[in-house]
Amino acid sequence: MKMKNLFLLVAAMYATHTMAQDCTFYFPMDKGQQVVRNCYDAQGTLTNVFTITVENSYDYPSGYEVIADYTYSDASNQTLTSGQMVARCDDDNFYLDMKNRIPFTNALNMMDADVLLVSSLMPYPNAFTGTDPYDPDDNVGFTEGDISIYQKHNKDNRARISIRNRQYEKDEEITTPAGTFHCTKVKFDIDLWTPQGKSEGYGYEWYSPRVGVVRSEQYDKNKVLQSYSVLEMQTKD
């Protein structure tokens, strides 16, 4: 389903395209490029697979935009949800749709297949890699964001995820089955509301330029690992 105008996902890039040079594109950006993230529970059992494929990309006077298809499946390869997301650099800022955080929750696994996602955009400003990342002023652009999940044939079966208190941690090398990547690490708090109640925790994401998230981890409020995802592979046409 085409959702370019409804559910915007935005991501970034740098250098070779006609965009602001201070904006780094933390998302796959080449037409035909595909990234696959495997999602695991705390015991290392595969639970889901998240696949993103770049459909097209566009240069704009103020930046660069990517339109990508995504599919989120369970371990038996049953599709839980699919659609389109947009990634964009606009002037100095990179924007990313909350749908990129689908692997962070088991909320979709609580529902049947065929769910609807409604999400907001989250900016990743220059503060993402500020000259003094431990200065609170460098994180001033990190806003909060939400994603709502609805079962299409039963709107009462729903969940909502809120991301808040995002902050830059550090830059480091991360090794995955797809290779080793230079990454920017971001920490955030996460709240999950479902019909069963509310849960709180926190998480980490590691972003690599022109690839996106290569690893993520989610913990409960008692600092116990709940789930994680790892970049399994990336391909290009």
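The model is predicted, so local features need pLDDT of at least 70 and side-chain atom pairs count only at pLDDT 80 or more, while totals for chains, interfaces and linings use all residues. Residues are numbered from 1 along each chain as its sequence is written, and side-chain values use heavy atoms, with hydrogens and water left out. Strands, such as those named below, are DSSP runs of E with at least two residues, numbered from the N terminus.

**Nonpolar cores**

- A nonpolar core here is a set of buried Ala, Val, Leu, Ile, Met, Phe, Trp, Tyr and Cys residues joined through side-chain atoms within 4.5 Å; buried means under 20% relative accessible area, exposed over 50%, and partly exposed in between, with a 1.4 Å probe and protein chains only.
- The largest such core holds 34 residues, and the members touching the most others are F25, F27, I52, V66, M85, F94 and V214.
- Two or more residues of this core come from each of β1 (34–41), β2 (46–60), β3 (63–74), β4 (79–90), β5 (93–97), β10 (179–194), β11 (197–208) and β12 (212–220).
- The top contributor is β3, which gives five residues.
- Another core lies apart from the largest one and has eight residues, including A159, I161, I190 and L192.

**Salt bridges**

- The whole structure has seven salt bridges, each defined as a side-chain nitrogen of Lys or Arg within 4 Å of a carboxyl oxygen of Asp or Glu.
- One of them pairs E65 with R88, with the closest N and O atoms 2.2 Å apart. Since E65 sits in strand β3 and R88 in strand β4, the pair ties together parts that are 23 residues apart in sequence.
- Within that pair, E65 is buried at 4% relative accessible area, whereas R88 is partly exposed at 22%.
- R164 and D191 form another salt bridge, their closest N and O atoms being 2.8 Å apart. With R164 in strand β9 (residues 154–176) and D191 in strand β10, this bridge ties together parts that are 27 residues apart in sequence.
- Here R164 is partly exposed, at 24% relative accessibility, while D191 is buried, at 4%.
- R164 and D191 also belong to a network of salt bridges that links them with D189.
- E217 bridges to R215, with 2.9 Å between the closest N and O atoms; E217 is buried at 12%, and R215 is partly exposed at 23%.

**Two buried strand residues**

- I147 is part of strand β8 (residues 145–151) and is buried, with 2% relative accessibility. Its C-alpha atom is 8.4 Å from that of A159, which is 12 residues away along the chain.
- E205 belongs to strand β11 and is buried, with 0% relative accessibility.

How values were computed:
Helices (H or I, at least four residues) and strands (E, at least two) are DSSP runs, numbered from the N terminus.
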